[in-house]
Amino acid sequence: MKLGWVAAAASDVGRVRQGNEDAFLIDAPRGVFLVADGMGGHAAGEVASAVATEAVGTALRAGVDLGLQADGLAEALRRSFRLAHGAILDYTAANPAAAGMGTTMTAIVVCDDGTFRLGHIGDSRAYLLRDGVLGQITHDHTWVQREVDEGRLSPRGARTHRFAHILTRALGADSTDEPDVYSGVLRPGDVLLLATDGLTGMLTDRRLARTLAAAERPVEEMVAELVFAANRRGGRDNITAVVVRVHESTAGADDTVPEG
């Protein structure tokens, strides 16, 4: 069975920050989607997320164009993250004022048979809504998540902890930081959400699921509602969301929305 998909994205500065350090990419014909959340200040975070998006996006598009299948795309993900890390270090070497900049990265490649490979580093997230149930695919690389994993902090406490923003892995931070790579198979009716923590830090999983479960709504309306809701809750950070809805298609990957 061949699958197709429709996708949309939105990014917003929020109500507190002066600039938007998030980045995203939708290449629906190739099944490549990603979000990144830069850090560093003095516009360095914006540069870091843009540099990483360019490096990862270019490598993944090339992999798809070469006809790589799922396992090959998994290696392409790992390689693209290393390229992004190197590109950030090269930029900071040439621009010392940007030293210390880095970014999260959550990127997925979906094949027209439904198989996917997903690379992740940092605290941007990927979710999958299936049969009305929302599940988080990725695992946050943060200090508070580590405390939760080791039983010293509750998930509820982690959401409001003053150290919730501290990352334990990021592109541009440490050369030993490797991405997590996930695999799976999508089915018709599935909905993917990639989001930065400016969205997930403002909205509960229940709130996310309620929006994503509205199967009759265009995906453009979904992302607009998510951004609006995050801003209504305070918009304390930049907000970025990518939504991908999967459907059966005899045309396969060609039956997608154009890149946006």
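A pocket is an open set of points on a 1 Å grid over the protein atoms alone, where a 1.4 Å probe fits, with protein on both sides within 12 Å along at least five of seven lines; its lining residues have an atom within 4 Å of a point. Grid points are joined across faces, edges and corners, and a volume is the space filled by probe spheres set on the points.

The model is predicted: local features need pLDDT of at least 70, side-chain atom pairs count only at pLDDT 80 or more, and totals for chains, interfaces and linings use all residues. Residues are numbered from 1 along each chain as its sequence is written, and side-chain values use heavy atoms, with hydrogens and water left out.

| Pocket | Volume | Lining residues |
|---|---|---|
| Largest | about 970 Å³ | 34 residues |

Nearest the centre of the largest pocket lie Asp 123, Arg 159, Ala 164, Asp 197 and Gly 201. Its lining comprises eight nonpolar, 14 polar and 12 charged residues, where Ala, Val, Leu, Ile, Met, Phe, Trp, Tyr, Cys and Pro count as nonpolar, Asp, Glu, Lys and Arg as charged, and the others, Gly among them, as polar. Strand S3 (32-39) and helices H3 (143-149), H4 (155-160) and H5 (197-200) each supply at least two lining residues; H4 gives the most, with four. Helices (H or I, at least four residues) and strands (E, at least two) are DSSP runs, numbered from the N terminus.
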